[in-house]
Amino acid sequence: MRGLVIKSTGSSYLVRTDDGAVQECRIKGSFRIKGIKSTNPVAVGDYVGFQQAQEGIPAYITSIEERRNYIVRRSSNLSKQSHILACNLDLCLLVVTVSHPETSPVFIDRFLASAQAYRIPVNIVINKQDLLDGPGMSVAKEWMELYRNIGYDCILCDSLHGSIDAISALLKDKVTLISGNSGVGKSTLVNRLVPDLKQRTAAVSEKHDTGMHTTTFSEMFQLADGGWIIDSPGVKGFGTFDMGVHEVSHYFPEIFSAQSKCRYQDCTHTCEPGCAVLEAVEQGSISVSRYNSYLSILEDMDEGKYRKL
C-alpha cells in the first residue's frame with residue numbers, strides 16, 4: 001500500500017492512502033539505521049509504502065519514496081544528527097514576531113538559508129501587528145524592507161483578529177510548512193485557516209516573554225480550497241546541518257551576488273584582502289545583521305574567531 005504521512009509522533013505515524021483512509025503505522029528499529037542520518041527517518045509529507053495490519057501485527061512502513069525536497073535543522077540533542085521538519089514542500093511560511101516573543105534575526109536567517117539550500121520558497125509572516133507600538137512598527141518595517149530587497153515576500157498581519165486573505169491566497173493548491181518560534185501565533189493562524197480544527201493555543205509567558213509549546217507533533221491538514229498545511233512544534237533555535245564552509249554564502253542571495261567580485265575564488269568573506277562582501281557590508285549594501293548571521297553559521301563548523309561588524 002502507498003500513502004502520505006500526515007502526522008508523526010516519533011513512535012507512530014498516521015498515513016493517508018489515495019482513497020482517503022487513514023492508517024496508523026510504525027517503523028521497525030532496523031529501519032532507522034539504513035543510511036538515514038536523522039532522528040526521524042520518516043517525516044510528515046513523506047510518501048511511503050506500508051504493509052497493512054494483520055491480526056495481532058500492526059501496520060509497518062516498509063519504504064520511503066524519493067523526496068523532492070525537505071527542510072532540516074540540526075537536532076537539539078544530538079549535534080551530529082539532523083531533524084527533518086517536513087518533506088515535499090511547495091512553500092514555507094516563517095511566522096515571526098518583533099516582540100511577545102522577540103524573534104531573533106539570526107533565527108530568521110538560519111531558517112532562510114536552510115530553505116534556500118533545498119530551493120524551498122519562503123514567505124515571512126510578521127505576526128501580532130496589533131501589539132506593535134511605534135518603535136516596534138519601525139522594526140517590522142525595517143525587516144520587511146530588508147527581506148523584500150533580497151527576494152523574500154513579507155506579510156504583516158494579526159492572525160488573531162485581522163484579515164488573513166493574503167495568506168490564504170498564497171496557500172491554495174500548495175503543500176506549506178508553517179514554522180517559527182513557540183508563541184509567535186502559528187497555531188492561531190492554523191485555526192483561522194482550518195476553522196474546525198481548534199488547535200490548542202497558549203498565552204506567552206509574562207515572566208520570560210517566551211512562547212509555550214502547544215503543538216507537540218507535526219501534523220498535516222487539508223485546506224478547503226485546495227492544498228495542505230503542516231503545523232509544526234515551535235523551534236527555539238535553528239542549527240544548520242550539512243553545509244560546507246564555501247557553500248554557506250550560496251544560501252545568502254546578496255552575499256552570493258557580491259562574492260563574484262572577491263579577489264580570491266575561495267574567499268570565506270571573513271578576513272581576506274580584496275573581499276567584495278566585506279566591502280559591501282561596510283558600505284551598507286549588505287546588512288550587518290545578515291552578515292553576522294552568515295558568520296554564525298560558519299561558526300557551527302569552525303570555532304575560530306571571525307571578524308564581526
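**Reading side-chain pairs, cores and a helix**

Guide: Let us start with a salt bridge: Glu 254 pairs with Arg 290, and the closest N and O atoms are 2.7 Å apart. Glu 254 belongs to helix α5 and Arg 290 to helix α7, so this pair ties together parts that are 36 residues apart in sequence. Please keep in mind that the model is predicted.

Visitor: What is the general idea behind such a pair of side chains?

Guide: Side chains of opposite charge can pair when their charged atoms come close. Here the structure holds seven salt bridges.

Visitor: Are Glu 254 and Arg 290 buried or exposed?

Guide: The cut-off for buried is under 20% relative accessible area. Glu 254 has a relative accessible area of 13%, so it is buried. Arg 290, at 1%, is buried too.

Visitor: Which residues are linked in a network of salt bridges?

Guide: The network joins Arg 2, Asp 18 and Glu 65. Take its two links in turn. Asp 18 meets Arg 2 at 3.6 Å, N to O. Asp 18 is in the loop between β2 and β3, while Arg 2 is in strand β1, so the pair ties together parts that are 16 residues apart in sequence. In the other link, Glu 65 forms a salt bridge with Arg 2, and the closest N and O atoms are 2.5 Å apart. That link connects distant parts of the chain, with Glu 65 in the loop between β5 and β6 and Arg 2 in strand β1, 63 residues apart.

Visitor: How should I place Asp 18, Arg 2 and Glu 65 on the scale of accessibility?

Guide: Asp 18 is exposed, with a relative accessible area of 63%. Arg 2 counts as partly exposed at 35% relative accessibility, and Glu 65 is partly exposed with a relative accessible area of 35%.

Visitor: Let us turn to rings. What describes a pair of aromatic rings?

Guide: The distance of the centres and the angle of the planes describe it. Searching the whole structure gives three aromatic pairs. In one of them, the rings of Tyr 70 and Tyr 118 have centres 4.7 Å apart and planes at 35 degrees, so the pair is tilted. Tyr 70 lies in strand β6 and Tyr 118 in the loop between α1 and β9, so the pair ties together parts that are 48 residues apart in sequence. Tyr 70 is partly exposed, at 24% relative accessible area, and Tyr 118 counts as partly exposed at 28%.

Visitor: And how are Phe 252 and Tyr 294 arranged?

Guide: Phe 252 and Tyr 294 are edge-to-face, with 5.9 Å from centre to centre and 85 degrees between the planes. This pair also links distant parts of the chain: Phe 252 is in the loop between β13 and α5, and Tyr 294 is in helix α7, 42 residues apart. Phe 252 and Tyr 294 are both buried. Ring pairs join Phe 252, Tyr 291 and Tyr 294 into a cluster.

Visitor: What sits over the ring of Tyr 70?

Guide: The charged end of Arg 67 does, 5.8 Å from the ring centre.

Visitor: Next, the nonpolar side chains. Where do they tend to be found in soluble globular proteins?

Guide: They tend to be buried together. In this model, the largest nonpolar core has 34 residues, and Ile 71, Leu 89, Ile 124 and Tyr 147 have the most contacts inside it. At least two residues of this core come from each of β1, β7, β8, α1, β9, α2, β11 and β13. Helix α1 gives the most to this core, with five residues. Apart from this core lies another, of 21 residues, among them Val 277, Leu 278, Leu 295 and Leu 298.

Visitor: What does Leu 89 touch beyond its sequence neighbours?

Guide: Not counting residues up to four places away in sequence, Leu 89 touches several residues, including Ile 71, Ile 120, Val 175, Leu 177 and Ile 230.

Note on methods
Residues are numbered from 1 along each chain as its sequence is written. This is a predicted model: local features need pLDDT of at least 70, side-chain atom pairs count only at pLDDT 80 or more; totals for chains, interfaces and linings use all residues. Side-chain values use heavy atoms; hydrogens and water are left out. Rings of Phe, Tyr and Trp (its six-membered ring) pair if their centres lie within 6.5 Å; planes under 30 degrees apart count as stacked, over 60 as edge-to-face and the rest as tilted. Helices (H or I, at least four residues) and strands (E, at least two) are DSSP runs, numbered from the N terminus. Buried means under 20% relative accessible area, exposed over 50%, partly exposed in between (1.4 Å probe, protein chains only). A charge sits over a ring if NZ of Lys or CZ of Arg is within 6 Å of the ring centre and within 35 degrees of the ring normal. A salt bridge is a side-chain nitrogen of Lys or Arg within 4 Å of a carboxyl oxygen of Asp or Glu. A nonpolar core is a set of buried Ala, Val, Leu, Ile, Met, Phe, Trp, Tyr and Cys residues joined through side-chain atoms within 4.5 Å. Contact means heavy atoms within 4.5 Å.
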